[in-house]
There are 2 protein chains.
Amino acid sequence: MSGSEEIGRRGIMLVLSSPSGAGKTTLTRSLLEHDENVVLSVSVTTRDRRGSEIDGVHYHFVTQRRFEAMRNGGELLEWAEVHGHLYGTPREPVERALAAGRDVLFDIDWQGARQLVKTMREDVVTVFVLPPSAAELRARLERRAEDSGATIVRRLRNAAEEIAHWREYDYILINRDLDESFARLRAILGAERLKRVNVPDVERFVEHLLADLKKLA
Amino acid sequence: MSGSEEIGRRGIMLVLSSPSGAGKTTLTRSLLEHDENVVLSVSVTTRDRRGSEIDGVHYHFVTQRRFEAMRNGGELLEWAEVHGHLYGTPREPVERALAAGRDVLFDIDWQGARQLVKTMREDVVTVFVLPPSAAELRARLERRAEDSGATIVRRLRNAAEEIAHWREYDYILINRDLDESFARLRAILGAERLKRVNVPDVERFVEHLLADLKKLA
């Protein structure tokens, strides 16, 4: 089947939230690797770049002044302050991707998710990733060499805060097994794509179909 | 992962509608073969049994009197009269399957779909299967040895009537390729299952998770 036969559609805003250590980053990376129609929304932030991070890939690192100019100019779809740092989602690349039928993945917390749902409900699908257990969450955080003991305790506390918002999400993924969770995530995306067929295109398709049926019957 | 670790959920009522010849029957059969959690809702009807049909498998064949008793006794989830024959969906097996977490597949027309949505909105997911073109629909009907020329013309007219209701459905599947359509149907079912996790079970899961996190952090 050639691409031109396909019914066009607007892209989906797929929001993934979870406490850190639940597997969200791995799921994000797998989805971007396996599905070339999905692009990642890169947030802007005022926090310092970490050694492993690349400007424009992990975040756009900006000054507080630049961030505030974007926010006040309506250039951000959502923003939040977390531990004294500002984070936000630039509007323009998202709008452009959706109009081109590409899906945009958001790796953001419940505050950002809530704002996106408020401003873009028709386009947004939200998924909350839960760890299988508290012990497993701690074990995963400990396996990451980068975090100190104090950081792990802080992350566990933040996890509880984030998890408290699970009810606000469309889908819940309990991440017991990465392959299984990834298959489920793809099923969510596949199904939502079928929902968001471009209605004017289907209208046109059905119109032709009915006209042709009339000629045949 | 053992079954007992899974979060329980109520089953889904998956409604498939389409004009005859669009591939709905093949999709239905494939789904029942590949997914043992799905059961088919068997309708009752007052029309005569055809040679190839088995009572209790394709339909429950009943008298007009028995049908009316079921309908008046509230035993039918939906019913309709089509070409002078009565068709209906018995309530009890559906309720039993949903409560057991099994998904129930319905191969019914737009009239039945509309009634199910009205009475069971929370449980119902509706999918409309469209043929790729009018010419292909006729070709498929002609390949079926069972239909005479007059029947084919009638089916094409009925197809137009059925297709006119596509807007009432949650999902639209344009059936260009059976394997692809089947994969899409499974994606829809997979995603909807994740939506219908049993909320009291997730509540309990999260409650334990948060209590355990508190102990660790």
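This note sets out the main features of the two-chain model, point by point.

1. Basis of the model. The model is predicted, so that local features need pLDDT of at least 70 and side-chain atom pairs count only at pLDDT 80 or more, while totals for chains, interfaces and linings use all residues. Residues are numbered from 1 along each chain as its sequence is written, and chains are lettered from A and ligands numbered from 1 in the order in which they are written.

2. Overall content of chain A. Chain A contains eight helices and nine strands; helices (H or I, at least four residues) and strands (E, at least two) are DSSP runs, numbered from the N terminus. The C-alpha trace of chain A spans about 75 × 40 × 30 Å along its principal axes. Of the 217 residues in chain A, 33% are buried. A residue is termed buried if 20 or more other C-beta atoms lie within 10 Å of its own, exposed if 12 or fewer, and partly exposed in between, with C-beta atoms placed from the backbone. Among the contacts in chain A with a separation of 6 or more, 69% are between residues 24 or more positions apart. Two residues are in contact if their C-beta atoms, placed from the backbone, lie within 7 Å.

3. The sheet of chain A. Five strands of chain A form an open sheet in the order 2-7-1-8-9, with parallel pairing. Its edge strands are strand 2 (38–40) and strand 9 (171–174) of chain A, each of which pairs on one side only. From one strand to the next the twist averages 25 degrees. Two strands pair if DSSP finds at least two bridges between them. Strand 1 (residues 13–17) and strand 8 (residues 124–130) of chain A run parallel and are joined by five bridges. Within this pairing, Leu16(A) has Val127(A) in strand 8 of chain A as its bridge partner.

4. The sheet of chain B. In chain B, five strands form an open sheet in the order 2-7-1-8-9, and the pairing is parallel. Strand 1 (residues 13–17) of chain B pairs with strand 8 (residues 124–130) of chain B in the parallel sense over five bridges. Val15(B) stands opposite Thr126(B) in strand 8 of chain B. Helix 1 (residues 24–34) of chain B lies across strand 1, strand 2, strand 7 (103–107) and strand 8 of chain B, and runs at about 160 degrees to strand 7 of chain B. Axes are lines fitted to C-alpha atoms, for helices over the stretch in contact, and angles run from 0 to 180 degrees between N-to-C directions.

5. A helix pair in chain A. Helix 5 (residues 134–143) and helix 6 (residues 149–163) of chain A pack at an angle of about 140 degrees, with their axes 10 Å apart. Helix 5 of chain A is therefore oblique to helix 6 of chain A. Angles under 35 degrees count as roughly parallel, over 145 as roughly antiparallel, 65 to 115 as roughly perpendicular and the rest as oblique. Residues of helix 5 of chain A, including Leu137(A) and Leu141(A), meet residues of helix 6 of chain A, including Ile152(A) and Leu156(A).

6. Relation of the two chains. Two copies of a chain are related by a rotation about an axis and a shift along it. The same surface serves both copies, as 97% of the contact residues of chain A recur in chain B.

7. Leu213(A) is placed in helix 8 (residues 199–216) of chain A. Leu213(A) is buried because 23 other C-beta atoms lie within 10 Å. Leaving aside neighbours within four places in sequence, Leu213(A) is in contact with Ala134(B), Leu156(B), Ala159(B) and Ala160(B).

8. Two exposed residues. Ser52(A) lies in the loop between strand 3 (44–45) and strand 4 (60–61) of chain A, and counts as exposed because it has 7 C-beta neighbours inside 10 Å. Ala183(B), in helix 7 (residues 178–195) of chain B, counts as exposed with 12 C-beta neighbours inside 10 Å. Ala183(B) and Leu27(B) are 156 residues apart in sequence and 9.9 Å apart in space, C-alpha to C-alpha.
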